[in-house]
Amino acid sequence: MAKEYNEHFPVMKDEVISLANIKSDSIVVDMTLGRAGHSSEFLKLIPNGHLYAVDQDINAISYSQRALKEIADNFTLFQAKFSQAPIILNDTYNVNGADFIFYDLGVSSPQFDDPGRGFSYRYNSPLDMRMDQINNMTTASEVVNRYEPSVLIKALYEYADEKYAKQIVKNIVKHRKIKPIKTTFELVDIIKEAVPLKEQHKDKHPAKKTFLAIRYLVNKEEDEILCGIPEGIRLLNSKGRLAVLTFNSYEDGLVKRLFKRFTSSICNNKYLPPEKKDIDFKLVLKKPLEPSEKEIELNHRSKPAKLRVIERIN
Ligand SMILES: C[S@@+](CC[C@H](N)C(=O)[O-])C[C@H]1O[C@@H](n2cnc3c(N)ncnc32)[C@H](O)[C@@H]1O
């Protein structure tokens, strides 16, 4: 049987729960189920409500189905991208409003730590990086070997703030012309060859940013945030809240701007004069919340986390 990688600490669990305003009969939607770390806590709080939870990774669904059954049975799990979830909730489960919606963006520790998935520069494996290995046909190998250099450079700059984007992509193109780049370690060597020697002795791994940018392209994570989270916000019931945990400055910036758009009374369209609109949402936190020092000490992966929360006011 394949080994399961299940070690996972739900990030900022207490902060998320205390801001969620969950009641015993709440309808809760977890858009990024993972190993049900947060969902287990949500389920305990809603004996008369229902938990709907989504993940695009089928392994997350099968693991969590077993884990949540130990707690209660008022939950429904389904495999989908979270951008598709509001339509599925409506069409399949007749759910057209939720009291709390949660997004914990990115990959889970079990995905990252599974050497076969190709997310980590620490293990040698085929270049995959797909969260959904059933429906997504674009692997990291496809991205690295076939994408236009301009697309790769833009992704490295924008998603990961990689200052050596041009040098790295130039070296990728040089190598892929000779033979396809097949494994994570081949890619790591190509990145190391492209960046100045001084970068290789810093505490951050020189391949970290490139791997993040490629993962974003493989899983279309920017589109998911930009299309999916507004659909989630529209699904909120009156007084319902939606919380997002982000793990890097690019995705946090996207969420910050989305929340601003929903909570601003001025509608800005660059082709038209600014227009006043009714405000239906408010920010619950003026500034994002970050994990405590104690949590960072226990789980260093929580360090970059930022929690933002929005509420429907009418
Ligand atoms: C950080 S983990 C969530 C961990 C979870 N909160 C827990 O405590 O166990 C993110 C999960 O969301 C899933 N995911 C990421 N982006 C997604 C998307 N656009 N649609 C559906 N699932 C997504 C990943 O497959 C992963 O399992």
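Val-28 stands opposite Leu-51 in strand 2. Strand 1, residues 27-30, and strand 2 pair in the parallel sense over four bridges; pairing takes at least two DSSP bridges between two strands. This is a predicted model, where local features need pLDDT of at least 70, side-chain atom pairs count only at pLDDT 80 or more, and totals for chains, interfaces and linings use all residues. Residues are numbered from 1 along each chain as its sequence is written, and side-chain values use heavy atoms, leaving out hydrogens and water.

Stay with strand 2, residues 50-55. Six of its six residues are buried (buried is under 20% relative accessible area, exposed over 50%, partly exposed in between, with a 1.4 Å probe and protein chains only). His-50, Tyr-52 and Val-54 are on one side. Leu-51, Ala-53 and Asp-55 are on the other. In a regular strand, side chains alternate between the two faces of the sheet.

Now salt bridges. The rule: a side-chain nitrogen of Lys or Arg within 4 Å of a carboxyl oxygen of Asp or Glu. That gives 13. Take Asp-128 and Arg-130, bridged at 2.9 Å, N to O. Asp-128 is buried at 11%, and Arg-130 is buried at 13%.

Next, Arg-146 and Glu-142, with closest N and O atoms 3.8 Å apart. Both lie in helix 6, four residues apart, about one turn. Here Arg-146 is exposed at 62%, while Glu-142 is partly exposed at 32%.

Last, a network: salt bridges link Asp-113, Arg-122 and Arg-301.

Notes:
Helix = DSSP H or I, 4+ residues; strand = E, 2+ residues; numbered from the N terminus.
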